[in-house]
Amino acid sequence: MKESGGRKQGAASPCAACKLLRRRCAHDCVFAPYFPADEPHKFANVHKVFGASNVNKMLQELPVHQRGDAVSSMVYEANARVRDPVYGCVGAISSLQQQIDTLQTQLALAQAEVVHLRVRQTASYSHHGFGPTSPTNSGSPSSNHGSQVKPIFDMDVVMDQAGLGEPMWSC
């Protein structure tokens, strides 16, 4: 028969926290429901970053229904701190923000290229008699003045020297 926290009745199998702290796991252990014996790395990182006493205090101060979310947050932050001791979660967030900025710049460049190609295509069609300024399409002889039609606008995107930052538009 199993109890909560993964401990068997009779054979007191300690939770991961009690096992790491080398103490007897009491029936009402605050760690047992959140740090099962089969996930020792979970508590090891939390203990390394926050300390068992602090985690115990935090969990006891919270209502039972909020403890699971608190443990998830502590585990995430502890794992991030182990990977990046200086910045932790903020380092991961910053890295993702830089990726978003880079991708947004690439998207803006691609969209500008599409606009540029459409303008060129429209101008090319106009020069070869396929556009709306062609006398065969407009039906009005006054629409063709014998001059070449220029594109409405010509746009180039110039990136700063490092390739980072906002694109600069020149027309």
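Reply: Arg22 has a relative accessibility of 77%, so Arg22 counts as exposed; the labels are buried for under 20% relative accessible area, exposed for over 50% and partly exposed in between, with a 1.4 Å probe and protein chains only. This is a predicted model, where local features need pLDDT of at least 70, side-chain atom pairs count only at pLDDT 80 or more, and totals for chains, interfaces and linings use all residues. Residues are numbered from 1 along each chain as its sequence is written, and side-chain values use heavy atoms, with hydrogens and water left out.

Me: Where does Arg22 lie, and what is its phi?

Reply: Arg22 is in the loop between α1 and α2. Its phi is near 55°, a positive value in a residue other than glycine.

Me: How are the helices and strands defined, and how many does the chain have?

Reply: They are DSSP runs numbered from the N terminus, with H or I and at least four residues for helices, and E and at least two for strands. The chain has 6 helices and 2 strands, in the order α-α-α-α-α-α-β-β along the sequence. Of its 171 residues, 25% are buried.

Me: Why does Ala17 count as buried, and what does Ala17 touch?

Reply: Ala17, in helix α1, has 0% relative accessibility, so Ala17 counts as buried. Setting aside neighbours within four places in sequence, Ala17 is in contact with Phe31, Phe35 and Phe43, where contact means heavy atoms within 4.5 Å. Ala17 and His47 are 30 residues apart in sequence and 8.3 Å apart in space, C-alpha to C-alpha.

Me: What makes Asn45 buried?

Reply: Its relative accessible area is 16%, so Asn45 is buried. Asn45 lies in helix α2 and touches Ala78, Asn79 and Val82, not counting residues up to four places away in sequence.

Me: How do you know that the buried residues of α2 line one face?

Reply: The residues in question are Phe43, Asn45 and Val46. Seen down the axis of α2, they fall within an arc of 160°, so they line one face of the helix; the arc is that of the directions from the helix axis to the C-beta atoms. His41 and Lys48 are exposed on the other side of α2. The cover over the buried residues of α2 includes α1, α3 and α4.

Me: What puts the buried residues of α3 on the same side?

Reply: Here they are Ala52, Val55 and Leu59. They cover an arc of only 65° around the axis, so they sit on the same side of α3. Gln60 and Glu61 are exposed on the face of α3 turned away from the buried side. The buried residues of α3 pack against α1 (16–21), α2 (40–50) and α4.

Me: Why is α2 called roughly perpendicular to α4?

Reply: Two packed helices are described by the angle between their axes and the distance between the axes. The axes of α2 and α4 cross at roughly 75° and come within 8 Å. That makes α2 roughly perpendicular to α4, given the cut-offs: under 35 degrees is roughly parallel, over 145 roughly antiparallel, 65 to 115 roughly perpendicular and the rest oblique. Axes are lines fitted to C-alpha atoms, for helices over the stretch in contact, and angles run from 0 to 180 degrees between N-to-C directions.

Me: Which residues of α2 and α4 meet?

Reply: Lys42, Asn45, Val46, Val49 and Phe50 in α2 meet Val71, Met74, Val75, Glu77, Ala78, Asn79, Arg81 and Val82 in α4. By class, that contact has 8 nonpolar, 2 polar and 3 charged residues. Nonpolar covers Ala, Val, Leu, Ile, Met, Phe, Trp, Tyr, Cys and Pro, charged covers Asp, Glu, Lys and Arg, and the others, Gly among them, are polar.

Me: And what makes α3 roughly antiparallel to α4?

Reply: Helix α3 (residues 52–61) and helix α4 (residues 64–83) pack at about 150°, with their axes 9 Å apart. That angle makes α3 roughly antiparallel to α4. Val55, Met58, Leu59 and Gln60 in α3 meet Arg67, Val71 and Met74 in α4, and by class this contact has 5 nonpolar, 1 polar and 1 charged residues.
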